[in-house]
Amino acid sequence: MVQQRLPSLLPEPIGFGHRGARAHARENTLDAFALGLKLGATGLESDVWVTADGVAVLDHDGMVKRGLRKRPITEMRRDELPEHIPSLGELVDRCGSGYHLSLDLKQPGIGPRVIDTVREAAPDLLPRLWLCHPGVGELVELRPLDDDVKLVNSTRLNRLEHGPERRAANLAELGIDAVNMHHTDWNGGLVTLFHRFERIAFAWDLQFEHLLRPLIRMGIDGVFSDHVDVMVDAIAAEPPDPTPVRF
């Protein structure tokens, strides 16, 4: 248990509403995203896919049921998808751009299309766009496309080949901004290690106050939760450490 608030790289943790406000509304819908922001989330999270006609859309598993069959979103046109699946452009139209947006890239090679979509719809959002992928190589290919977009290595502690210090150094060298791991992977020393290399530390699957507050005291820079109200209250209960703002 961390008793004293360790410093963060951000003025306070970003509170990402997981799939919008999943505990409060149908996940990955415009209503869920809007509700997440209304409840106080400072960030939104979703998975992103690109349709057969090149439209970036927000959905979790990337499959759509048609009769007795399921079809991949990647093989369908935008106008063939159910109404509840929003496009990335529609998210910006409904919710604006005054928040952080974390998107898991679910197909190989779609990062450029996602960046272009945000650049066209809301260029001011680019510095708060966090593109997540488990493959470091996939992220490295995106770095030259935009200096402002944030790149996130989504992984687990037991998958860090050669250990966390080597991974932190590698991410810093390659210009990848952050690492995102399950909350059970983190401790105060590990957060501090990534901060030493000026890498942002995110933690996901934080649904309860007794899990959120210790992570915040560790100096974690962003948390992902289905329960936006619980997350917002937990962040407010742990006053931020007055450190320089980087993002």
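Which hand does the crossing of α1 and α2 have? The crossing of α1 and α2 is right-handed; point 3 gives the setting.

1. Basis. This is a predicted model, in which local features need pLDDT of at least 70 and side-chain atom pairs count only at pLDDT 80 or more, while totals for chains, interfaces and linings use all residues. Residues are numbered from 1 along each chain as its sequence is written, and side-chain values use heavy atoms, with hydrogens and water left out.

2. Terms for helices. Helices (H or I, at least four residues) and strands (E, at least two) are DSSP runs numbered from the N terminus. Axes are lines fitted to C-alpha atoms, for helices over the stretch in contact, with angles from 0 to 180 degrees between N-to-C directions.

3. α1 and α2. The axes of α1 (residues 30-38) and α2 (residues 88-95) come within 10 Å and cross at roughly 45 degrees. The two helices are therefore oblique to each other (under 35 degrees is roughly parallel, over 145 roughly antiparallel, 65 to 115 roughly perpendicular, the rest oblique). A crossing is right-handed if the near helix is turned clockwise from the far one by less than a right angle, and left-handed if anticlockwise. In α1, Leu 30, Asp 31, Phe 33, Ala 34 and Leu 37 meet Glu 90, Leu 91, Arg 94 and Cys 95 of α2 (contact means heavy atoms within 4.5 Å).

4. α5 and α6. Helix α5 (residues 164-174) packs on helix α6 (residues 188-196) at about 30 degrees, with axes 9 Å apart, and the pair is therefore roughly parallel. Their crossing is right-handed. Pro 164, Glu 165, Ala 168 and Leu 171 of α5 meet Leu 190, Leu 193, Phe 194 and Arg 196 of α6. That contact has six nonpolar, no polar and two charged residues (Ala, Val, Leu, Ile, Met, Phe, Trp, Tyr, Cys and Pro are nonpolar, Asp, Glu, Lys and Arg charged, the others, Gly among them, polar).

5. Largest pocket. About 440 Å³ of space lies in the largest pocket (an open set of points on a 1 Å grid over the protein atoms alone, where a 1.4 Å probe fits, with protein on both sides within 12 Å along at least five of seven lines; lining residues have an atom within 4 Å of a point). The volume is the space filled by probe spheres set on the points, which are joined across faces, edges and corners. Of its 22 lining residues, Glu 45, Asp 104, Ser 154, Asn 180 and Trp 204 lie nearest the centre. The lining has five nonpolar, eight polar and nine charged residues.
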